[in-house]
Amino acid sequence: MKNIKKQYIKWAVVLSVFTGMVSCESDYLETDPTTAASEEAAYSSASNLMAIVNGMHRDMYSRQNDSQGQNGQGGIMIMMDALADDLVFPSTGNGWYVSTVRWQDQVNESGSNDFYPYQFYYALIRNANLVIANGPSVPAPTAADAATIKTAIGEAYAFRAFCYYMLVQIYGKRYIAGTNNTQLGVPIRLVANEIPLARNTVEEVYTQINKDLDEAASRLAGVTRATKSHFNDKVILGLRARVALTQGNYTAAVTAAQSARVGFALMDNTAYTAGFNNLAANGEWMWGATIIADQGDSFSNFGAYMSRNFNSTNIRQAPKAINSKLFLSFPSTDIRTKNFDPTGAHTALALPSTYSKFPYTSQKFIAASQGDSRVDVPYMRSAEMYLIEAEALARLGNEAGSKAVFDVFAKNRNPSYTGATTTGTAYITEILNSRRLEFWGEGFRFLDLKRLNQGLDRTGANHSSVVTNNVMTVANTDLRWEFLIPRTEINANPLIVQNPL
């Protein structure tokens, strides 16, 4: 099977249009005198090289394929939470992500949502590989040009590391610390070609991730980024902390998390309830996306599904709610509970009567207006670094050190918090539950359950058995924790081995 993929490089941004897979023959850069630049032009200057990277950042929030729900990283974040226990769909609404909630997507190798993460991340990897390969030969007549090229290549390495980190978690088995991790991960593509490659082991993928983070760090040290949508040295440290936590390398996780959050103070309680829509002004946000007004897609944006106020069928019929059992485990003095309404009325938002009301619905994410779905998409906040450090220290046996960190964080979120009194496993559970509430809707929960080797448990809360199709529990040993390799990739690549069904 030959699948055709075309990449059009425009002068302002890179717009990626994929109709096929990354492992097949393709014309990657197509010359068109009116709409595209030739490959030669793309690598003719530092600014053009950086334009490719800018386009990759735009793809993080705007890439859309077969479905309007497949809109960049935000769409995958929703999928990762819809699969888990804390994001509740009180009704089926008009159907978006319901098949994900029901654990039907990842077992359908021909399905669009099984294919999408694979396609999305490998497309970014291909762009990254091209920047890494061609960047060193781009002319640099000035010191500023040389710095731009160095930054572009550094960001390409960061993209590649991030994408492989997501791919191996979604399509591979979980990483088990202290073992050889010979279980199958994903193919490591370091060259932008279509040569068939077998799946690398999970260990090999993580080795490449860490190597790429090293390369990114060396090139981005001291770089002042244009916006928070771009990588810098602190975001690289944040990614190091994430990866180290996933690998059970707790000492490295502590070191990276401590350094990553420097300069990103926790937001105050007023900012926490302001709608999560001001990336630039919120000092806690380390990395994210601000959707440009004329470059978004109203019914595909993250806020079109996760906000409470946008006027769409999905928001009106199926507003997103929090797991009631989790919500009720926190005191009302915790500011994070104020982003959810146990009554579902949301009187402060003055929602029209056409909006369905359900208990425990969220107003964490507030769109620009009822007619504008844009919400800044959070990829990384310093709160994560506090919680990574607290968890890692606790797992290292340094409970006193862990509590010193966790108490600072918890008291910021709840001024009445008097300090952690639990110990041992109960204390680690307290950290993890705080993480659940903190990152509700930000795409962490499914991957956390997989990392922790925990099963899915939606029982005893406000999940609707009709919406979940009675998928209320899933054992940690269930094969469905690994997405199937998409059938399109298998057809195009004879070396690919499918995950067991």
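## Largest cavity

The largest cavity has a volume of about 240 Å³. Of its 21 lining residues, Met 166, Arg 242, Gly 443, Phe 444 and Leu 447 are the closest to its centre. A cavity here is a set of points, on a 1 Å grid over the protein atoms alone, where a 1.4 Å probe fits but cannot get out; lining residues have an atom within 4 Å of a point. Grid points are joined across faces, edges and corners, and the volume is the space filled by probe spheres set on them. This is a predicted model: local features need pLDDT of at least 70, side-chain atom pairs count only at pLDDT 80 or more, and totals for chains, interfaces and linings use all residues. Residues are numbered from 1 along each chain as its sequence is written, and side-chain values use heavy atoms, with hydrogens and water left out.

Four helices each supply at least two lining residues: H3 (72-82), H6 (143-171), H8 (233-247) and H17 (445-451). Helices (H or I, at least four residues) and strands (E, at least two) are DSSP runs, numbered from the N terminus. By class, the lining has 11 nonpolar, 4 polar and 6 charged residues. Ala, Val, Leu, Ile, Met, Phe, Trp, Tyr, Cys and Pro count as nonpolar; Asp, Glu, Lys and Arg count as charged; the others, Gly among them, are polar.

## Second cavity

The whole structure holds 5 cavities of 30 Å³ or more. H16 gives the most, with 3 residues. The lining of the second largest cavity divides into 6 nonpolar, 1 polar and 6 charged residues.

## Aromatic contacts

The search finds 31 aromatic pairs. Rings of Phe, Tyr and Trp (its six-membered ring) pair if their centres lie within 6.5 Å; planes under 30 degrees apart are stacked, over 60 edge-to-face, and the rest tilted. Phe 162 and Trp 287 are edge-to-face, at 5.2 Å centre to centre and 85° between the planes. Phe 162 lies in helix H6 and Trp 287 in strand E5 (residues 285-289), so the pair ties together parts 125 residues apart in sequence. Phe 162 is buried, at 3% relative accessible area. Trp 287 is buried too, at 1%. Buried means under 20%, exposed over 50%, and partly exposed in between (1.4 Å probe, protein chains only).

Trp 287 also pairs edge-to-face with Tyr 379, at 5.0 Å and 65°. Tyr 379 lies in strand E9 (residues 377-381), 92 residues from Trp 287. Tyr 379 is buried, at 7%. One aromatic cluster is formed by Tyr 272, Phe 276, Trp 285, Phe 302, Phe 327, Phe 340, Tyr 360, Phe 365 and Trp 440.

## Helix H5

Helix H5 (residues 112-134) has 23 residues. From first C-alpha to last it reaches 32 Å, close to the 33 Å expected at 1.5 Å a residue. The expected span is 1.5 Å times one less than the number of residues. In H5, 21 of the 23 residues are buried, so the helix is largely enclosed by the rest of the structure.

Technical notes
1 Å grid on protein atoms, 1.4 Å probe; cavity = no way out; pocket = protein on both sides within 12 Å on 5 of 7 lines; lining within 4 Å.
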